[in-house]
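Subject: A structure for you to look through

Hi there,

Here is the structure I promised to pass on to you. Please open it beside this email and follow along as you read.

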Amino acid sequence: MFVVLLVLIVILGSVVFHMVSPWWWSEIASNWVGMDDTIILTFWITGAVFVAIGLFMAYCIWKFRYDKDKKAEYEPENSKLEWTLTILTTIGVIALLAPGLIVWNNFVTVPKGAYEIEVVGQQWGWMYRLPGKDGVLGTTSIKNIDDDNPFGLNTDDPYSLDDVLVDADDLHILIDRPLKLNLRALDVLHDFYVPQFRAKMDMVPGTITYYWFTPIKTGEYEILCAEYCGTGHYAMLGYVYVDEQKEYDEWVDEQMTFEEVLASNGKSDLIKIALNKKNDL
Amino acid sequence: MAADSYEDVVKNKESIPALEVAPQDLYHAKSFWTKYIFCQDAKVIGIQYGLTAVAIGLVGLVSSWLMRMQIAFPGFIPMDAAQYYQLVTMHGMIMVVYLLTALFLGGFGNYLIPLMVGARDMVFPYVNMVSFWVFFLAVIILASSYFVPGGPTGAGWTLYPPQAITSGTPGGDGLGIVLMLVSLAVFVIGFTMGGLNYVITVLQARTRGMTLMRLPLTVWGIFTATVLALFAFPALFVAGIMMTLDNMLGTSFFMPAIIQFGEKLTHEGGSPILFQHLFWFFGHPEVYIVALPAFGIVSDLISVHARKNIFGYRMMVWAIVIIGGLSFVVWAHHMYVAGMNPWFGFFFATTTLIIAVPTAIKVYNWVLTLWRGNIKLTLPMLFSIAFIITFVNGGLTGLFLGNVAVDVPLSDTYFVVAHFHMVMGIAPVLVILGSVYHWFPLITGRFLNERLGKIHFWVTFIGSYSIYFPMHYLGFMGVTRRYFEVFEGEAFTYSITGINQFITVAALVTGAAQFLFIYNIIVSSKFGKKAGKNPWKACSLEWRTKDVPPTHGNFDKELPVVYRWAYDYSVPGADEDYITQDTPPSAVANARAEQT
């Protein structure tokens with residue numbers, strides 16, 4: 001009968017562990033409270049099912065333990081019971097799915113006023129690009145990438161010149177403003193993940209993926225690469241700083257625009273072509 | 001079904017239809033080579049599959065030990081990041097494909113299907129023999145990748161391009177990945193030969209009276225899983241071929257234009273996500289290829305050892321079939337954050353959560369089989385109980401990950417690792433262990449040592465639960481998978497060092513207990529307590545052979561005729577608490593059986 005005890009210990013132990021565990025998510029720093037709430041809801045529903053099934057089973061093992069003078073009940077089917085359980089389960093599933101889909105709908109619908117930043121992943125580090133004064137990110141191509149143009153911007157794209165290039169692992173963003181991250185990978189899959197923001201999405205070479213969120217707390221947050229990207233995967237870290245407007249502007253001012261990068265590399269002819277294109281618009 | 005109703009059978013024995021395939025002459029082995037090596041007897045082939053799968057599975061087990069040492073006690077066993085990722089990759093691929101798939105379908109399928117359906121052998125014994133040797137070749141190719149320059153691939157078992165075939169990944173620019181893909185292709189070829197055998201044997205070679213709705217659930221589980229595998233493995237096969245072409249001939253199925261370490265590669269225009277779709281179109285059914293045989297087998301173990309019919313047999317069969325069907329329309333739940341069109345999330349979250357309903361029905365029916373049973377706490381029963389708890393736990397965490405919005409924070413964290421190990425690692429393994437204790441007396445004529453078995457059970461169940469239950473909480477915290485170095489991320493609310501050490505110790509102990517089990521098998525096969533015929537008093541046909549252990553041809557001169565389902569335990573009015581499937585109604589005239 002130790003096994004009854006074992007079942008009880010496993011079931012109740014799991015509940016106790018859950019309640020006392022110091023390993024829990026860090027305080028949320030984005031608008032995705034809905035994700036946390038859905039997890040909590042899922043915890044309640046699934047936790048109740050887990051405990052109920054476990055306790056019922058423990059009871060059965062104890063109550064109906066072998067007795068050579070007894071015979072088991074003979075009941076091949078009980079469609080009423082089976083259908084009742086099926087319907088209850090379906091209701092439980094709907095209760096989980098409906099809120100989940102609502103949150104997902106928010107997650108994939110980028111709000112109109114969101115500003116954009118491009119995140120670039122490559123083995124094994126991060127780069128960022130801001131749209132600059134015109135508010136539009138210039139187009140890029142892998143083919144353009146070289147030492148002078150690490151982002152592969154199209155020099156004949158009029159929106160390119162004022163793009164702000166950040167060739168470093170750290171990024172600053174604005175508090176309380178919806179932000180759409182355009183995600184780009186140059187070599188293999190990566191994933192830009194900050195646990196406190198909850199959101200993540202793989203970065204796939206050959207396409208641009210995205211997600212959005214609104215940071216709600218200033219501070220410093222660690223970036224982890226969440227999609228396996230080769231030997232250096234574990235070392236692909238960085239920081240996001242959520243700033244008030246003033247600090248953010250100061251940081252942006254310290255960065256170089258694409259025009260400045262070209263100029264510093266003595267590519268003024270390219271700048272001229274680009275400016276002409278811009279005037280044509 | 002009307003022609004098969006119980007009354008009809010009682011009234012008119014002739015209503016039992018004739019065999020669908022006329023009896024065929026079997027090739028009887030004449031030498032050691034044809035009896036034990038190139039053998040055409042499905043039972044021997046099953047054991048060959050089993051031993052090969054376990055042998056390579058031990059490599060997977062030791063890999064997990066080394067991995068866990070690196071995570072908890074870095075430096076204790078010297079290794080670099082490349083070696084760590086090779087261990088991760090080989091552990092995953094070996095366990096999923098070469099151990100679990102091969103053991104359930106090749107091992108249990110071969111041994112049990114002909115016996116349980118009342119056939120003398122598989123319908124194509126020669127092809128069946130070839131199937132094993134092709135599988136064996138696949139294992140050799142896989143193992144050889146350890147010995148090539150650069151070592152085996154370290155691409156993760158999902159083998160996602162572009163990294164799988166580029167130089168930033170161990171084995172990516174060498175032979176490691178090539179051998180992995182070739183081995184998988186060979187595996188699929190071998191499996192197809194065996195798989196067609198299992199399916200056709202179940203459909204065509206059942207003995208007289210063995211209708212589909214009288215099959216033991218073990219057969220239903222293995223049969224459905226095999227059908228899934230025959231549809232799913234081709235996706236892996238073509239993905240493997242396409243990736244090999246990208247790698248060797250410079251095509252661009254999965255390779256877009258990329259620049260790596262400052263160098264532009266020649267590929268252009270391919271889609272890495274296409275590979276993921278193909279991989280998971282195989283990969284998700286693969287979960288059920290492992291799970292469905294476990295579902296079927298555990299149903300039989302519970303029923304036999306609780307001395308009670310499986311509750312809701314028809315519902316159980318339909319649940320297996322429906323789960324199998326649905327498993328083909330949920331694959332992209334592995335890709336919620338892979339960068340596919342976000343609108344797919346709605347569809348795949350819905351299909352995924354729907355699959356919870358038939359799965360829950362199975363759990364209810366297992367537990368309801370215990371209700372008012374007469375439960376013998378034998379080792380197979382203990383492992384079945386452990387399976388139910390583990391599976392319920394792992395199944396419920398699937399409701400987190402399947403619900404697309406909840407998956408966003410949890411994907412690629414240790415929550416996923418904990419979930420899939422519970423649900424498709426530990427749970428099926430517990431069934432395998434339980435069923436070895438159950439069928440060992442059939443295979444060898446002897447029991448496994450009960451005392452060693454009890455120790456094995458306690459350590460395995462408590463140990464594996466201790467490994468994976470706390471691991472979920474690392475995932476909630478945001479600890480990402482596949483990190484070579486333990487690092488205390490700033491987002492983590494508490495140190496992960498201590499808990500990782502605890503998990504590693506649990507893993508070492510749990511793994512060691514499996515060697516005790518192997519020792520038990522070796523010793524008991526020679527010196528175990530003699531079991532005699534049908535020691536568990538089971539109803540199904542595998543226990544009704546002429547000899548124990550069953551010899552080539554399985555049954556006596558006449559094949560058994562089946563009159564009832566496999567679950568007539570504790571029938572009111574019957575003298576014994578079980579009535580075997582081949583017992584005619586006239587022999588148990590007082591028994592008031594309801595179901596046939």
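First, some ground rules. This is a predicted model, in which local features need pLDDT of at least 70 and side-chain atom pairs count only at pLDDT 80 or more, while totals for chains, interfaces and linings use all residues. Residues are numbered from 1 along each chain as its sequence is written, and chains are lettered from A and ligands numbered from 1 in the order in which they are written.

**Chain B as a whole**

Chain B has 16 helices and 2 strands; helices (H or I, at least four residues) and strands (E, at least two) are DSSP runs, numbered from the N terminus. The radius of gyration of chain B is 24 Å, close to the 25 Å from the globule rule for 596 residues, so chain B is as compact as a globular protein of that length. That radius is taken over C-alpha atoms, and the globule rule is 2.2 Å times the number of residues to the power 0.38. The C-alpha trace of chain B spans about 80 × 50 × 50 Å along its principal axes.

Of the 596 residues in chain B, 62% count as buried. A residue is buried if 20 or more other C-beta atoms lie within 10 Å of its own, exposed if 12 or fewer, and partly exposed in between, with C-beta atoms placed from the backbone. Among the contacts in chain B with a separation of 6 or more, 79% come from residues 24 or more positions apart. Two residues are in contact if their C-beta atoms, placed from the backbone, lie within 7 Å.

Two spots in chain B deserve a look. B:P161 and B:P162 are joined by a cis peptide bond, with omega about 0 degrees, and B:P162 sits in the loop between α5 (125-144) and α6 (175-204) of chain B. B:R482 is not a glycine, yet has a positive phi of about 55 degrees. You will find B:R482 in the loop between α15 (450-477) and α16 (497-527) of chain B, where it counts as buried with 20 C-beta neighbours inside 10 Å.

**Where the chains meet**

The contact takes 82 residues from chain A and 95 residues from chain B. On the chain A side, α1 (2-20), α2 (33-63), α3 (79-108), β6 (190-193) and β9 (219-225) each supply at least two residues. By class, that side of chain A has 47 nonpolar, 20 polar and 15 charged residues. Here Ala, Val, Leu, Ile, Met, Phe, Trp, Tyr, Cys and Pro count as nonpolar, Asp, Glu, Lys and Arg as charged, and the others, Gly among them, as polar.

**Chain A**

Chain A is divided into domain 1 (2-66 + 75-108) and domain 2 (115-280), with bounds from an automatic or database domain assignment. Taken over C-alpha atoms, the centres of domain 1 and domain 2 of chain A are 41 Å apart. In chain A, 9 residues of domain 1 are in contact with 14 residues of domain 2.

Now for the strands; two of them pair if DSSP finds at least two bridges between them. An open sheet of 5 strands in chain A has the order β4-β10-β9-β6-β7, with mixed pairing. Its edge strands are β4 (170-174) and β7, each pairing on one side only. In this sheet, β6(A) and β9(A) run antiparallel and are joined by 2 bridges, and A:F192 has A:C225 in β9(A) as its bridge partner.

Strand β1(A) runs parallel to β5 (residues 179-185) of chain A, with 7 bridges between them; in β5(A), A:L181 is the bridge partner of A:I117. On to β8 (residues 209-213) of chain A, which is antiparallel to β5(A) and joined to it by 5 bridges. A:K180 stands opposite A:W212 in β8(A). Since 4 of the 5 residues of β8(A) are buried, this strand is largely enclosed by the rest of the structure.

The peptide bond from A:Q123 to A:W124 is cis, with omega near -10 degrees, and A:W124 lies in the loop between β1 (115-122) and β2 (125-130) of chain A. A:R198 is buried, with 25 other C-beta atoms within 10 Å.

Enjoy exploring!
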